[in-house]
Amino acid sequence: KTPACIRVVDFANSANEIRAAFEAKLGVITHSVGASDLEGKEAELQHFANCILEGLEVALTACVAAAQAAAGAPVGMRARVQGPLPVSLAQVTIPQFAELMNSLPLDRYMRMRSDIEGYIDLGHRIRRELPEMPLVFLQALTIHMVDHVKAADWVIPPSLIHPNSAAAVAAATAAAL
């Protein structure tokens, strides 16, 4: 016969203090994340997902505008995008997603990449994912992005270059040309 499950809710003591108090009498003691902690983590996961989809919408809207401009549509005749474009990861392949990310300004790209990494990390820690944003899709995207880094836009601002190295950088650049 197995012992009954006893649940302890204690806001004053740590998990280790509770374990020390009960383990000798009860045997196996486990600690699980409380419902409020889990709800907070799930809300954070949703926040990451919202930020990722928002960045994707921004990139998609910019691509539509750029395509219309490239097609030569007069400004007054271009289709107006009313509100955010409906975005679903089910409609976007990994290379398309990466290409859309690469179209973003660097600061937005880095923020979106950070949100993706945060979503993956948190999703693994709480063993959750949102149905519209599978972890495996975002993991594959990060692997794809490692091979296709947006390095062309990564320029070190002159203010961050050490004064003694500026001449060396200039000389190396001139030698490469």
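Here is a short chat about how the labels on this predicted model were assigned.

Author: Two ground rules first. Local features in this predicted model need pLDDT of at least 70, side-chain atom pairs count only at pLDDT 80 or more, and totals for chains, interfaces and linings use all residues. Residues are numbered from 1 along each chain as its sequence is written, and side-chain values use heavy atoms, leaving out hydrogens and water.

Reader: How do you know what the secondary structure of the protein chain comes to?

Author: Helices are DSSP runs of H or I with at least four residues, strands are E runs of at least two, and both are numbered from the N terminus. The protein chain has six helices and zero strands, so its pattern reads α-α-α-α-α-α.

Reader: What makes α3 and α4 oblique to each other?

Author: Helix α3 (residues 94–102) and helix α4 (residues 106–126) pack at about 140°, with axes 9 Å apart. Axes are lines fitted to C-alpha atoms, for helices over the stretch in contact, and angles run from 0 to 180 degrees between N-to-C directions. Under 35 degrees is roughly parallel, over 145 roughly antiparallel, 65 to 115 roughly perpendicular, and the rest oblique. So α3 and α4 end up oblique.

Reader: Which residues make the contact of α3 and α4?

Author: On α3, Phe97, Met101 and Asn102; on α4, Tyr109, Met112, Arg113 and Ile116. Contact here means heavy atoms within 4.5 Å.

Reader: Why is the pair Glu54 and Arg108 called a salt bridge?

Author: The rule asks for a side-chain nitrogen of Lys or Arg within 4 Å of a carboxyl oxygen of Asp or Glu. Glu54 and Arg108 come in at 3.3 Å, N to O, so they qualify. The pair ties Glu54 in helix α2 (residues 35–70) to Arg108 in helix α4, 54 residues apart. By this rule the count is four salt bridges.

Reader: Is Arg108 buried or exposed, and how do you know?

Author: Buried means under 20% relative accessible area, exposed over 50%, and partly exposed in between (1.4 Å probe, protein chains only). Arg108 sits at 17%, so it counts as buried.

Reader: What separates Arg113 and Glu117?

Author: They are four residues apart in helix α4, which means about one helical turn. Arg113 is buried at 14%, while Glu117 is partly exposed at 42%.

Reader: And why does Arg125 count as exposed?

Author: Arg125 has 53% relative accessibility, so it passes the exposed cut-off. Asp121, its salt-bridge partner at 3.1 Å, N to O, is partly exposed at 41%.
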